[in-house]
Amino acid sequence: MIKNILITGANGQLGHEFRDLYSKYRDFNFISTDIDSLDLTDKKEISAFIEKNKIDCIVNCAAYTAVDKAEDEAELCYRVNRDAVGNLAESARVKALIIHISTDYVFDGKSVTPYIETDATNPQSVYGKSKCEGEEILLKYCPESIIIRTAWLYSTYGNNFVKTMLRLGKERQDLNVVYDQKGTPTYAADLAQAVLDIISCIEKGLSNYSGIYHYSNEGVTTWFDFTEKIFQLAGIKNCTVHPITTDKYPTKAVRPMYSVLNKTKIRETFNISVPEWENSLEKCLGFLN
Ligand SMILES: NC(=O)c1ccc[n+]([C@@H]2O[C@H](COP(=O)([O-])OP(=O)(O)OC[C@H]3O[C@@H](n4cnc5c(N)ncnc54)[C@H](OP(=O)(O)O)[C@@H]3O)[C@@H](O)[C@H]2O)c1
């Protein structure tokens, strides 16, 4: 029976969205932690915490997410995205179900069709490699865990592409945005809702659920078209968006050129619906404006 649910990284953008949903799930007892209250790089602390709070389920939203900085801070990035996941896995083994959030960056972005869960990983950045090794270590120690890979996450909380574009759209008259990388934005509130629906499904008796799943919103876009939609919905008219190619916007870490995720498995296993990205963006902007 799942009663006590630990949300790690609860001050991050995804973690925050979970906190907004707690009141809808009164049968569960949620415990929120972040690095200041439970540092996941400290194995002893995690074991004691799980024991003391009788944790039945852990949703791991904690991560090192500074993709470009990670190229210079590889050690710290691996400590959080791989070693801390190993700590969680070893500490929670048998005692708690782990639902771990991973990323489209585990792929090289060379596909031309939406990635399915069994496609070969081939991360191209330190961040992507660290998340990929995090997945491997989790499945090694806790094969009964759930891993959810997501992409292009945004929220009303934290720093993200949507909030940056809203700010730049008001400050500037012209903006260059990459148009040759394809993917699907994901409203973190939708992902949090999906995870809680999954937990409810398991609580009601669903078995054979472990493994890797893909979740983003539905549809496909580019960063350029995403920006145009943000501006259109937010009523930003005085900033012109210019499409540029990736080579005109060099970054330290290599991004996947294509990272559309196939959601069939998560939809069919847990009977959840996945909102279209434009609808979710409109919803999020409604909270931001
Ligand atoms: N953002 C995206 O576009 C995106 C895309 C695909 C997948 N994801 C994945 O989605 C998940 C959630 O991402 P997010 O955007 O919500 O990340 P986020 O906003 O950066 O939140 C991550 C949280 O984890 C905390 N944290 C860092 N090190 C920790 C440690 N040692 N112990 C405990 N907590 C620690 C961070 O604290 P500090 O802020 O103090 O470091 C932060 O509050 C991550 O697994 C990420 O890899 C994100």
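**Notebook: helix packing, sheet and ligand shell**

I began with helix α7 (residues 223-234) and helix α9 (residues 277-288), which pack at an angle of about 45° with their axes 10 Å apart. I take axes as lines fitted to C-alpha atoms, for helices over the stretch in contact, with angles running from 0 to 180 degrees between N-to-C directions. That angle makes α7 oblique to α9, since angles under 35 degrees count as roughly parallel, over 145 as roughly antiparallel, 65 to 115 as roughly perpendicular and the rest as oblique. I looked up the residues next: Lys229, Ile230, Leu233 and Ala234 of α7 make the contact with Glu278, Leu281, Glu282 and Leu285 of α9, where contact requires C-beta atoms, placed from the backbone, within 7 Å. By class I find five nonpolar, no polar and three charged residues in the contact of α7 with α9; Ala, Val, Leu, Ile, Met, Phe, Trp, Tyr, Cys and Pro count as nonpolar, Asp, Glu, Lys and Arg as charged, and the others, Gly among them, as polar.

I note for the record that this is a predicted model, in which local features need pLDDT of at least 70 and side-chain atom pairs count only at pLDDT 80 or more, while totals for chains, interfaces and linings use all residues. Residues are numbered from 1 along each chain as its sequence is written.

**Sheet**

I traced an open sheet of six strands in the order β2-β1-β3-β4-β5-β10, with parallel pairing; its edge strands, β2 (29-32) and β10 (211-214), each pair on one side only. Neighbouring strands of this sheet are turned by 20° against each other on average, direction ignored. For pairing I require that DSSP finds at least two bridges between two strands, and helices (H or I, at least four residues) and strands (E, at least two) are DSSP runs numbered from the N terminus. Strand β5 (residues 146-150) pairs with β10 in the parallel sense over four bridges, and I see Ile148 standing opposite Tyr213 in β10.

**Ligand shell**

I then turned to the ligand, which 27 residues surround, the closest being Gly9, Gly12, Ala62, Ala63 and Leu153; a residue is near if its C-beta atom, placed from the backbone, lies within 6 Å. The elements giving two or more residues to this shell are α1 (13-21), α3 (74-92) and β4 (97-103), and α1 gives the most, with three residues. The shell residues divide into 13 nonpolar, eleven polar and three charged.

For α3, the partner is helix α4 (residues 126-141), at an angle of about 15° and with the axes 8 Å apart, so α3 and α4 are roughly parallel to each other. Among the α3 residues that meet α4 I list Ala74, Cys77 and Tyr78, and among those of α4 Val126, Tyr127 and Ser130. The residues of this contact divide into ten nonpolar, four polar and four charged.

Note on methods:
Contact = placed C-beta atoms within 7 Å.
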